[in-house]
Structures are given as structure tokens and as C-alpha cells.
Amino acid sequence: DLQYAMLMPFTPEGQANLRSLIVVLQDPGSYGRLIDLRVPQGVFLPGPEQADTIIDTDSQVNQQIALWVRHASEVIRGHTIVVPVKGDVMYVEPLWISSIQNPLPEIKMFSVVYKGRAVLGTSLDAAIQYLDRDESIEQRDHELPWFDPPKERTPDGRRAAQ
């Protein structure tokens, strides 16, 4: 049964680990009901600030942002959203750009953090699919420019001459 709910992560002052998710149900019949999903004692889940730091230090995110900035685009990092997933949490942050030619911000990529790993995709589905791939494959797929089709590689991993 799907319901509209609002989630709020809770990290104690001065600490970075997630301690609970406060859920407020919004549908008729359950409106205003509070649920406190507490992280068990001894389990450490990254909090929103830690997820933002993981995104900030991700080389693929930094390369993509640098490329957009070089092309006179303003990069707008969206609000990081927390999503509970099977006893863990996933953080999703959309990346928007606006430019002189198109001042209306347009969503371009999604950065997803799950189990301490950041991935980047042109859609939320694509980013989540990268979580199932080896990091070396993900990095190879995101070599700049990220929109080029994959090229054949030699056995040592270099791109073959075309």
C-alpha cells in the first residue's frame, strides 16, 4: 500500500551518523501519524552531511561540474533526498544546470550514494544501475566526455586506435 510521506533524517548535534528517520504520513486516515525509524545501537549509517561529503569528493561529479562551468553553465546542486532501502539508506542529489542560452534550470544528472559509494547517471535509473557494476566499469563509462560511445579497448585497458 503506497502512501505519501515526508521523511526527515535525524543526526544528533555534533555527530554525523544517521540515528533515525522521522516519517510523517500524509494520506487521509493516517494524516499526521509519526513513525520513528531508529538505527539500532552499534549500527552506523552515514548521515546527510556525510553523503554530501562523499558526493563532493567524487571525481566523476567534480569532472562533470568542471566541464559544465568551462562551458559557461551554472551548476545547481539539488536538495539531497534520503530514501530508506532494505535496512539501509540511499541518498539522491540531482544536478541542475542553467546557462545564458537556457536560463531555466534543467536537470542533467543524478548523484546517488549507497553503502558509502557515489555513482553518477544521466537519469536516476541509470545512476542506480551503476551500483550493481564494478567501480572500474563505472569509471571507464564516465571518462570525459561522458556522452561519447564506448570505444574498443586493448587487453591492457587503453582505447584501441580507430
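**Figure 1. Ile-100 and its exposure.** Ile-100 is exposed because its relative accessibility is 74%; the class exposed means over 50% relative accessible area, buried means under 20%, and partly exposed lies in between, computed with a 1.4 Å probe on protein chains only. The model is predicted, and local features need pLDDT of at least 70, side-chain atom pairs count only at pLDDT 80 or more, and totals for chains, interfaces and linings use all residues. Residues are numbered from 1 along each chain as its sequence is written, and side-chain values use heavy atoms, with hydrogens and water left out. Ile-100 sits in the loop between β8 (88–99) and β9 (106–114). Strands (E, at least two residues) and helices (H or I, at least four residues) are DSSP runs, numbered from the N terminus. Along the chain, Ser-73 is 27 residues from Ile-100, and 7.4 Å separates their C-alpha atoms.

**Figure 2. The salt bridge between Asp-36 and Arg-38.** A salt bridge is a side-chain nitrogen of Lys or Arg within 4 Å of a carboxyl oxygen of Asp or Glu. By this rule there are five salt bridges. In the one shown here, the closest N and O atoms of Asp-36 and Arg-38 are 2.7 Å apart. Asp-36 is partly exposed, at 35% relative accessibility, whereas Arg-38 is exposed, with a relative accessible area of 66%.

**Figure 3. The salt bridge between Arg-77 and Asp-56.** The N to O distance between the two side chains is 2.3 Å. Arg-77 belongs to strand β6 (residues 73–77) and Asp-56 to helix α1 (residues 48–56), so the pair ties together parts that are 21 residues apart in sequence. Arg-77 is partly exposed, with a relative accessible area of 33%. Asp-56 is partly exposed as well, with a value of 36%.

**Figure 4. The salt bridge between Arg-77 and Glu-93.** Here the closest N and O atoms are 2.7 Å apart. This pair links distant parts of the chain, with Arg-77 in strand β6 and Glu-93 in strand β8, 16 residues apart. Glu-93 counts as buried because its relative accessibility is 3%.

**Figure 5. The network of Asp-56, Arg-77 and Glu-93.** Salt bridges link these three residues in a network. Arg-77 pairs with Asp-56 and also with Glu-93.
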